[in-house]
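Dear colleague,

I am handing over the structure below, and after it you will find my notes on what turned up. Please read them with the model open beside you.

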Amino acid sequence: MKTLQATFFLVAFVPLVKSAPPTQQDSRKFYDYDTDIATGSLIQQDYEMLSKDLRKDGNNVSLDTGLSLQADDSELSARPTKDTNLPTCLLCVCLSGSVYCEEIDIEAVPPLPKETAYLYARFNKIKRIAVSDFADITTLRRIDFSGNMIEEIEDGAFSKLLLLEELSLAENRLVKLPVLPPKLTTFNANQNRIKSRGIKNNAFKKLTNLAYLYLGHNALESVPLNLPESLRILHLQHNNITTITDDTFCKSNNTRYIRTRMDEIRMEGNPILLAKHVNAFSCLRTLPVGTYY
């Protein structure tokens, strides 16, 4: 009888075993959540084709088991997340230094494998980012938390991320900005609840690599101060901006000063008549988009 059971097990199980497919290539492009950004922006949609394979179907996450099988030891041994007993790289997809945790209803940042460089955790239920979430992951270059429920980010949560270049916190519930890491080139905080008092005076001053700053669809009453010279695109559309000064973009004590890198400023949808502040734009090569009459 035991011999018959063993034979049946082999016949039933062996055909189900398949070799793992080859590892897919990570395109590593940053997704831009400002859906009405002008074509001048260099940010492109990331990994959309890969995302289609990771969509949820009811309560089941579509997962390529071949990717999990080929993950390295550090990925497979990651601690369980706060919301499931599965290791991070079984709940999410770990691939070539990237971790994809999209639309899986996690409520906290999952423990990441060492040497993670790219984290995509879009459209979940994350409400808070703590210092401990990234305390040991100093290799991160890109983080995307768009479409969550983030209300709080602890002071210093990003302080150790000295390599971080791109950060998206779009479509969350923030009322103030955290301290940002120094090497950022792109920061997206569109569609939050940020007011001017929630941005420190020198929040952007030391970000000498910052080229793309998206703060549209918030509750700002004024343009952020001390914008870096490196800035190329600034989006402030659909806020509550009512005032602007001659020093907001330019230098009132230097009539020869020109912002040579600034290509685009969007201010439409604000209760301010830009024609009353023409001196504020004297150093710009192009006028801001907005209401002039």
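Tyr120 is buried, since its relative accessible area is 0%, where buried means under 20% relative accessible area, exposed means over 50%, and partly exposed lies in between (1.4 Å probe, protein chains only). Tyr100 also counts as buried, at 2% relative accessibility.

Before going further, please note that this is a predicted model, in which local features need pLDDT of at least 70 and side-chain atom pairs count only at pLDDT 80 or more, while totals for chains, interfaces and linings use all residues. Residues are numbered from 1 along each chain as its sequence is written, and side-chain values use heavy atoms, with hydrogens and water left out.

Searching the whole structure gives four aromatic pairs, a pair being rings of Phe, Tyr and Trp (its six-membered ring) with centres within 6.5 Å, called stacked if the planes are under 30 degrees apart, edge-to-face if over 60 and tilted for the rest. The ring centres of Tyr100 and Tyr120 are 5.0 Å apart and their planes are at 10°, so this pair is stacked. Because Tyr100 belongs to strand 4 (residues 98-100) and Tyr120 to strand 5 (residues 118-120), the pair ties together parts that are 20 residues apart in sequence; strands here are DSSP runs (E, at least two residues), numbered from the N terminus.

Phe134, Phe145 and Phe158 are linked by ring pairs into a cluster. Phe134 and Phe145 are also among the residues with the most contacts inside the largest nonpolar core, which has 60 residues; such a core is a set of buried Ala, Val, Leu, Ile, Met, Phe, Trp, Tyr and Cys residues joined through side-chain atoms within 4.5 Å. A second, separate core of six residues includes Tyr100, Ala117, Tyr118 and Tyr120.

Two residues deserve a look at their backbone. Most residues other than glycine have a negative phi. Ser96, although not a glycine, has a positive phi of about 50°; Ser96 sits in the loop between strand 3 (93-95) and strand 4, and is partly exposed, with a relative accessible area of 41%. His217, likewise not a glycine, has a positive phi of about 60°, lies in the loop between strand 11 (212-214) and strand 12 (233-235), and is partly exposed at 30% relative accessible area.

With kind regards

Definitions and conventions:
Helix = DSSP H or I, 4+ residues; strand = E, 2+ residues; numbered from the N terminus.
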